[in-house]
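Subject: Structure for you to look at

Dear colleague,

Please find the structure below, followed by notes on what was found in it. Have it open while you read.

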Amino acid sequence: MPSDRQQLEDRLDRIKEIMELATEYKLLPDWAAIVGGTMILIATLITYRLTGSWDVAAVFRLGENRFWLVAAMWSGSVLASILLYYVIALRDAKKLGVSLESRPSQLARRSMAPALFASAVITLRLLLDGHLGYLPGIWILGYGVALVNAGLFSTTAPRILGLLFMAVGTAAIVCFQRYDLALTGLTFGAFHVAFGCYVLSKKSA
Amino acid sequence: MSGFIPPSELDQVIHERVRLGIVSALAAAGELTFVELCDLLKLTPGNLSVHSRVLEKAGYLLIDKEFVDRKPRTTLKLSAKGKEAFRRYLERLEEFVKGRK
């Protein structure tokens, strides 16, 4: 049985925790996830049209011009998605009168970094060794781990999304390497669109 | 214990753990839908409904019910009285925890 003093301190901690969580909740990406995911889906379909294969390795067999076109399209889509996320998050934070630098935001970003760093290091090694087929799976899995970590400081939805990415990433590495372009579109594209729709539906429910 | 504030001196409507969660979340987010609050505070609709009625009865909560795309949507936000009560509650609680009272 906690003492009265402990009970009151617990109340103060709970207030802080819930106020931070509520702020985070309002800043979960909706339209940013939908638009970003749609861009990735479009990039996936264009890549498939150019290569005729669901295997990302086929991109590296394209002529130099087409290869750079695909590389620029994917880099552009990813950068535009990240930029869009920040623009919308900043707008929402301003509307709510809160800072993006809240403790849960900082913790979420920091907790994503190790998994993304590990993915980048593995990517470098695979590029040097020419094992390009593993790249999509590594990034799907790594991003999933990053989301699960970030979700520890947020609500359950990002954690579930992260677990789905991890499951598909594992499948992409272990048994579906030849379909890794499709799995990239499914995860970074369709999963993000579905997540954005889920957040929107919660906000309007 | 010096500086002790018995819980009875705190606003008992807000002090209850679930209601404190509701008020804190609404103070931070401005307004939230019923579904969002259930999700955020891990409450059942029945539980949230009971506690939000207590807050509404005390004049701390404004509950707005409307239809959006033919579906009912309930939005909750703190009233001016609720915001003031939460501010006072926080002041009292901080006074106690810092031991200044």
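In this predicted model, the side chains of B:His15 and B:Tyr89 are joined by a polar contact of 2.7 Å. A polar contact here is a pair of N or O atoms within 3.5 Å; within protein, one must be able to donate a hydrogen and the other to accept it, and residues adjacent in sequence count only if both atoms are side-chain atoms. B:His15 belongs to helix H1 (residues 12–15) of chain B. Helices are DSSP runs of H or I with at least four residues, numbered from the N terminus. B:His15 counts as buried because its relative accessibility is 5%; buried means under 20% relative accessible area, exposed over 50%, and partly exposed in between (1.4 Å probe, protein chains only).

On conventions: residues are numbered from 1 along each chain as its sequence is written, and chains are lettered from A and ligands numbered from 1 in the order in which they are written. As the model is predicted, local features need pLDDT of at least 70 and side-chain atom pairs count only at pLDDT 80 or more, while totals for chains, interfaces and linings use all residues; side-chain values use heavy atoms, with hydrogens and water left out.

The interface comes next. The contact (heavy atoms within 4.5 Å) takes 26 residues from chain A and 33 residues from chain B. Between them, chain A and chain B bury about 2700 Å², with 65% of it on carbon and sulfur atoms; buried area is the accessible area (1.4 Å probe) that two parts lose on being put together, summed over both. A:Arg5, A:Leu8 and A:Arg11 supply 23% of the area that chain A buries against chain B, more than any other three residues.

Three residue pairs are in polar contact across this interface, both residues being at pLDDT 80 or more. On the side of chain A that touches chain B, helix H1 (4–26) and helix H7 (180–204) each supply at least two residues. H1(A) gives the most, with 17 residues.

Which residues form the salt bridge between chain A and chain B? The side chains of A:Asp10 and B:Arg17 do, at 2.8 Å from N to O, and the count between the two chains is one. The term means a side-chain nitrogen of Lys or Arg within 4 Å of a carboxyl oxygen of Asp or Glu. A:Asp10 also forms a salt bridge with A:Arg11, with the closest N and O atoms 3.6 Å apart. A:Asp10 is partly exposed at 30% relative accessible area, whereas A:Arg11 is buried at 9%. B:Arg17 is partly exposed at 35%.

Over all chains the count comes to eight salt bridges. One of them links B:Arg87 and B:Glu84, with the closest N and O atoms 2.6 Å apart. Both residues lie in helix H5 (residues 80–98) of chain B, three residues apart, about one turn of the helix. Salt bridges that share partners join B:Glu84, B:Arg87, B:Arg88 and B:Glu91 into one network.

Within chain A, A:Ser77 sits in helix H3 (residues 64–96) and is buried at 8% relative accessibility. The side chain of A:Ser77 reaches the backbone oxygen of A:Met73 at 2.8 Å. Beyond its neighbours within four places in sequence, A:Ser77 is in contact with A:Met39, A:Ile40 and A:Ala43.

Regards
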